[in-house]
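Subject: Structure handover

Hello,

Here is the structure we talked about passing on. Please open it alongside this message.

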Amino acid sequence: MITANYIKNEYIRRMPSAFCPGCGDGQILNAIARAIDHLKLPRNEIAAVSGIGCSAWIPSPYLRVDSLHTTHGRPIAFATGLKVANPKLKVLVVSGDGDCTGIGGNHLLHAARSNVGITVIMVNNGVYAMTGGQVAPTTEHEYKTVTTPYGNPAFALNVSEVVAAAGASYVARWTTWHMNQLIRSIEKGLTKKGFSFIEVISQCPTYEGRILNMDHIQMLHWFRDKFKTDEKGVFRIGEFVDIEKPELTDELQKIIEKVRK
Amino acid sequence: MIEPGEYFVEGDLAAAYGAIKAGCKFFAGYPITPASEITQAMAELLPQVGGKFLQMEDELASISAIIGASWAGIKSMTATSGPGFSLMQENIGYAAMTETPIVVIDVQRAGPSIGQATRAAQGDVMQSRFGSHGDYENIVLSPNSVQEMFEFTVKSFNLAERYRVPVILLSDAEIGHMMERLVVPESINIIERKYAKTFDEATKYGDDLVPPMGRFGDGLELMVTGSTHKPDGTRDTGSPEIQSSLVTRLVEKINKNRKDIEDWEEMFTEDAEILVISYGATSRPAKGAVIKAREKGIKAGYFRPKVLWPAPENRMSKLKNIKKVILPEMSLRGYSMEIEKMFPGKFVHFPKVTGNVHTVSEILKKIEEELR
Amino acid sequence: MIQIRIGGWAGQGVVLAGTILSQTFSTVLKKNVVMTRSYTAAVRSGVTTSDIIVDDDYIYDLMITEPNVMIIMYQKTFDRYIDLIKKSDHVIIDSTMVKNIPEELKNIYKINASEIAEKISNPRISNMVLLGAYAKITGHIPIEALEKSVRMYVSKRFLDEDIKAIYAGYSL
Ligand code: SF4
């Protein structure tokens, strides 16, 4: 039987957790482990890459696979090199919203465009959490953060929509309230040939909670009530893209075969 | 592919040939003058040897991708010039911290900033060694011919694999765009990476201070991080001892092996009273000028570091009788801090920042002036 | 030592001419050769040069200081390098493109290279006509050596017309 203990022993490194109590990052780690387990993927065929931010710690050090913890904003670019160098690897990127769309936004667009067969899980908590709750590209208009003390003058990026437009093979958005759907999507992402992107709206009770004036339970309930498949904009959840198209490492292999004939 | 024999090619192409011969199987780059010819050549050559080429969205991505590929066990390289080299600095430090073998070619152009894209300069010498933040050591090579663009690229890979460091091939627009004879030899000495077979092996090192490297996909469950980490890769961002022992080892593994890494060329140094120290493109006219000076009976000597960093300090410190040291270079600071440090009170800087290399007669004139 | 500068405007095949001539010296005639080029970053405009230094000994100087030969294909290039032109032993110009020449200059060989090239196929091979003329005027290289270098470098499609062009220049 797949018990919580079994998942822990099999996929998660025994170390004290660095996440705040009630943080969504632990749930996401669990979801990743369960998805890997459902797929019966050998651990040596998976490589995890992350950048800088709280969510970067989900795979590094906690996930028991080869992990590359890289510089801020660059995990997708590192992952692209890793994947191209060894296409047999399932390369999983876990990146926060700031890492993925702020400092590293360009890499996200181009990875989706080139359809490189990696899976990106973007943990979206709407703030820069690790550095103390500053405004992020995903922060809602007029929200107050430590760097928008008078309210956010800009608007939140609808990341999934952008990634879909950039040409990804698979795009889905869930919240940490929607764990079963999330696990299903990670499974799909990991088996998808091309670029897959899963956005997870996650609770950061420490900073986002302060902005919203909620604890983690209240936040989860807010996710349940606010995020719907028939909602609009950034509150819409579900699978947005699920297509098959030529994948980058396959295309590179074809070039090699053509040239060497 | 690239049969042994004679070629007439430009320096950039010779570097690409060298990379292929060294076993490079992955290149990620972004177009920039005067290094684009390397990128273009790799795009054409790599698939022919079963390798892979990617043009990335920028230089940040290029260097990230080659570090990622290196952890998959593939020899990887990128090539750029000033503006792109500046963008790469953060991850050069990352490669040093994670002990990832990579080769970065910087074909120097006139700066600062965008400067003159097609004109040669030697203003990146300090950046090539100190460009990333924090304490680290890397290795920097400086070729002065098309032949050396080939040979030093091979050597860059060998040193990168041997010492698990980022190696910079510091060329310039003059050498990169110059055409000259290239002889590809029958046999080439290639150093291959030492792999760790177990997680445990990857955490231990011997006298050379270089641990064998793990490879992603081998089931070692490696933890690689640019944060301060214990020998087993676990992040430890609080312990003073871990920070101190890690950073010290990263620096010491180069210092301790200096004898093996340092490389230079010298002529007439035995009895020289005036020494011309030079590197890269400038070392060609510098040598010519010293030969001419000797013909005139001047006790001139010539010294040229082929590896700029670590600098051949031990050898330089043993050069006695020298009354003056002239450093001609295409930069207002270039290598001068290092050379002045070695020869306090004797140092004469001779910069030229027109985008053109010094001529033999300019350097000869300088030698004669300094003797007066 | 021989120092040669080929100068023209971007797109005139200056670097190609320089490469073929350098290769004639290096690969065919086994001399030491260094060729450098100078151009602006914009691909389609600006003065472009190929500088070739040939020697039996190792080459230390990478810069042209006292040119023996200047091959000039464009008026603006001619004007820019007038000082070097005055010092040069031989100056070979494409007289279709360079018309404004100070009368006191006596070392000029005027070759209507673009016109000849157009008659063969295309004014763009004027560079090849000039190389042929160079072989004849200076005697630095046998025309057969130049032909060999052209055959090594030029793709099949353009080979015939390029060979015709060098011989047209040579027989002037
Ligand atoms: S700061 Fe926020 S995101 Fe970071 S661990 Fe704490 S709750 Fe989680």
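Below are notes on one interface and on some backbone features.

This is a predicted model.

Interface of chain B and chain C

On chain B, 25 residues are in contact with 23 residues of chain C. The two chains bury about 2100 Å² between them, with 55% of that on carbon and sulfur atoms. Three salt bridges cross this interface. One of them pairs the side chains of B:E37 and C:R37, at 3.5 Å from N to O. On the side of chain B that touches chain C, the elements giving two or more residues are β1 (5–10), β8 (179–184) and α10 (283–295). The most comes from α10(B), with five residues. By class, that side of chain B has nine nonpolar, eight polar and eight charged residues.

Backbone of chain B

Most peptide bonds are trans, and most residues other than glycine have a negative phi. Some places to check against that:

- B:T33 to B:P34 is a cis peptide bond, with omega near 0°. B:P34 sits in the loop between β2 (26–29) and α2 (36–45).
- B:G111 and B:P112 are joined by a cis peptide bond, omega about 5°. B:P112 is in the loop between β5 (102–108) and α5 (125–130).
- B:E99 is not a glycine, yet has a positive phi of about 55°. B:E99 lies in the loop between α4 (82–98) and β5. Its relative accessibility is 4%, so B:E99 counts as buried.
- B:N321, also not a glycine, has a positive phi of about 65°. Its loop runs between α11 (313–317) and β14 (324–329). B:N321 is exposed, with a relative accessible area of 52%.

Best wishes

Key: Residues numbered from 1 in each chain as written. Chains lettered and ligands numbered in written order. Predicted model: local features only at pLDDT ≥ 70, side-chain atom pairs only at ≥ 80, totals over all residues. Heavy atoms only, no water. Contact = heavy atoms within 4.5 Å. Buried area = accessible area lost by both parts, 1.4 Å probe. Salt bridge = Lys/Arg side-chain N within 4 Å of Asp/Glu carboxyl O. Helix = DSSP H or I, 4+ residues; strand = E, 2+ residues; numbered from the N terminus. Nonpolar A, V, L, I, M, F, W, Y, C, P; charged D, E, K, R; others polar. Buried < 20%, exposed > 50% of the residue type's maximum accessible area, 1.4 Å probe, protein only.
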